Amino acid sequence: MNSPCPSLLLAAWFFFAGAAAGAPKAAWGWASTPLFSDRFTPFVPTPHRVVEKMLELAEVGPDDTVYDLGSGDGRIVIAAAQKFGARAVGVEIDGKLCELSSEEIAKLGLQKSARIIHGDMFEVDLGPATVVTLYQLTRINKRLRPLLEKKLRRGARVVASDFEIPGWKPKKVVEVTSDVGAVYTLYLYVRP
Ligand SMILES: C[S@@+](CC[C@H](N)C(=O)[O-])C[C@H]1O[C@@H](n2cnc3c(N)ncnc32)[C@H](O)[C@@H]1O
């Protein structure tokens, strides 16, 4: 049997969250987050195997500074620092996820090369980034595009998982299958 497409899972999650918007906030703790705003994608972690492929696709190395916009539990940031020798920065709006990922970074002794900014990815300075990773819905990527065009240095690589950046032409598109058989499409862009 085919596994469900991850973008469908994310869309279903989003739909479900939207349906719950009418529920009392006390009953739906997570629903009181800014989940229903136009600027938000909920936390759905990228499988570790897919994380590695994203970083490989961008050819991340020790000279890179990787920014994961919406870093969740920090797995991309941690992998970029630990396995690829890069400096890595996560930007995460959810305080609990920030705390969790910062603790994990400290536990692994990666504080010199990895850190998490608690904040809004729409407000972040992308000047130092040579690589940006994204696992955000297409409409969020569309809203991020002007920021990427304005703040990202020429030649910087952007890897978007499963959701394209509308209006940008990918240099490469690859598919990767997670350990549980879900197929992810990765889009590699290079800032012209
Ligand atoms: C689909 S998850 C991806 C998590 C992680 N990058 C990964 O691939 O495993 C999207 C994340 O973006 C975060 N997020 C959503 N809107 C954000 C915003 N405006 N600024 C920072 N983080 C945001 C969510 O809290 C969530 O953790």
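**Strand pairing and the ligand shell**

Reader: In which sense do β1 and strand β2 pair, and over how many bridges?

Author: Strand β1 pairs with β2 (residues 87–92) in the parallel sense, over five bridges. Two strands count as paired if DSSP finds at least two bridges between them. Helices (H or I, at least four residues) and strands (E, at least two) are DSSP runs, numbered from the N terminus. This is a predicted model, in which local features need pLDDT of at least 70 and side-chain atom pairs count only at pLDDT 80 or more, while totals for chains, interfaces and linings use all residues. Residues are numbered from 1 along each chain as its sequence is written.

Reader: Which residue in β2 does valine 66 stand opposite?

Author: It is alanine 88 that stands opposite valine 66. In β4, the bridge partner of valine 66 is valine 131. β1 and β4 (residues 131–134) run parallel and are joined by four bridges.

Reader: Why is β1 described as largely enclosed?

Author: Four of the five residues of β1 (residues 65–69) are buried, so the rest of the structure largely encloses this strand. Buried means that 20 or more other C-beta atoms, placed from the backbone, lie within 10 Å of the residue's own; 12 or fewer makes a residue exposed, and in between it is partly exposed.

Reader: How many residues of strand β5 are buried?

Author: Five of the five residues of β5 (residues 157–161) are buried. Arg157, Val159 and Ser161 cover one side, with Val158 and Ala160 on the other.

Reader: To which strand do five bridges join β5?

Author: They join β5 to β7 (residues 183–190), and the two run antiparallel. Arginine 157 has valine 190 in β7 as its bridge partner. With β4, by contrast, β5 pairs in the parallel sense over four bridges.

Reader: Turning to the ligand, how many residues surround it, and which are the closest?

Author: The ligand is surrounded by 22 residues, the closest being Phe43, Thr46, Gly70, Gly72 and Ile93. The elements giving two or more residues to this shell are α3 and β2. A residue is near a molecule if its C-beta atom, placed from the backbone, lies within 6 Å of it.
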